[in-house]
Amino acid sequence: AFVDITGWVKDFDEAKVLAEIIKHEILIEVGEWLRCSVGISWTKFLAKFAGDTAPKGGCLAITPNNIDECLAIEVAAAWGIGRAMSRRLNELKIYTLFELKNFDPQVLRRRLGLPGYYLWCHVNGLEISQISSELVPPKSIGHSHCLPLKTTDKEYLLGVLYKLCDKTGRRLRQLDFEAATVYGQFACLYNSVHHISIKRSDKIFSTNDIFNPLADFLSKTALTVAVFKMSVGVTGLSRKSNQLDLFCRKDKQDKLSQTIDQINNRFGGYTITSGLMLGMEKTAPDQIAFRKI
């Protein structure tokens, strides 16, 4: 997560103190099993890079005084530089971020286009992107999972499907959004893919709103080869309108979903859940993105 602390601290020393306070609060509220590394700098790229290269559970501030030392690392280790870009930089005899910092930006722009020039700006401490303090609403919400068991067993697949739908639905309701379209994808071996996208006239809010059309599609699909990956999502998001249903059936389902969410959030995990998810506790677990280093 990026936090703009301009105006909150006067210098890097005060920023380090603030970082230690944040780490201490995490220790108190979460416990020592979860650690965080903090990166501090004057641009978004350098702060992210500092967080990636900081000692695990530690803090690193990249300043004008130590930036050259911190950039003495291979280009592939930096955020935003993948294998292809790393290979193209190596062709220009650029192997470290320090060499990238001192390279001719005009040559980079001619050879690599704007992405190359932007990388030069990043390592030279020039901000080319803004950190917004406002939350940008997502365009879609979804989950995917590579199955540990590649199979055509629809009973097992429906259990995994429900869990993915439940995770998607809980995030949708947590944001107090509703969706217009639900989609699902079932990737099979040998490049075979079954895909469905359904736009509904009534808004999607509950887990069953997501699960039912996808389960119906999966049940009717002839699986000739094993499924190895499943993806579920909703798009066309908007704030929940709370418009009453003529027969109040959907309103009751929506309120029931919110109540179950509250119970599960309070007592943990899947205190109340569908029987389809029995034995699925370790399937499609929540994941945290780890640092590149």
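## Ground rules

Helices (H or I, at least four residues) and strands (E, at least two) are DSSP runs, numbered from the N terminus. This is a predicted model, where local features need pLDDT of at least 70, side-chain atom pairs count only at pLDDT 80 or more, and totals for chains, interfaces and linings use all residues. Residues are numbered from 1 along each chain as its sequence is written, and side-chain values use heavy atoms, with hydrogens and water left out.

## Helix H4 and what follows

Let's start with helix H4, residues 83-91, whose buried residues are Met-85, Ser-86 and Leu-89 (buried is under 20% relative accessible area, exposed over 50%, partly exposed in between, with a 1.4 Å probe and protein chains only). Looking down the H4 axis, these buried residues fall within an arc of 100°, so they line one face of the helix; the arc is that of the directions from the helix axis to the C-beta atoms. Arg-83 and Glu-91 are exposed on the other side of H4. Covering the buried residues of H4 are, among others, helix H5 (97-101) and helix H6 (105-123).

After H4 comes Lys-93, with a positive phi near 65°. Lys-93 sits in the loop between H4 and H5 and is exposed, at 58% relative accessible area.

You'll find Asn-191 in the loop between strand S4 (177-188) and strand S5 (192-204), exposed with a relative accessible area of 77%.

Thr-43 is in the loop between strand S1 (38-40) and helix H2 (44-53), and counts as buried at 5% relative accessibility. Setting aside neighbours within four places in sequence, Thr-43 is in contact (heavy atoms within 4.5 Å) with Gly-125, Leu-126 and Glu-127.

## The H7/H8 pair

How do helix H7 (residues 154-174) and helix H8 (residues 207-220) cross, and at what angle? Their axes come within 8 Å and cross at roughly 155°; axes are lines fitted to C-alpha atoms, for helices over the stretch in contact, and angles run from 0 to 180 degrees between N-to-C directions. That makes H7 roughly antiparallel to H8 (over 145 degrees; under 35 is roughly parallel, 65 to 115 roughly perpendicular, the rest oblique).

The residues making the contact include Leu-157, Leu-161 and Arg-173 of H7 and Phe-211, Leu-214 and Lys-220 of H8.
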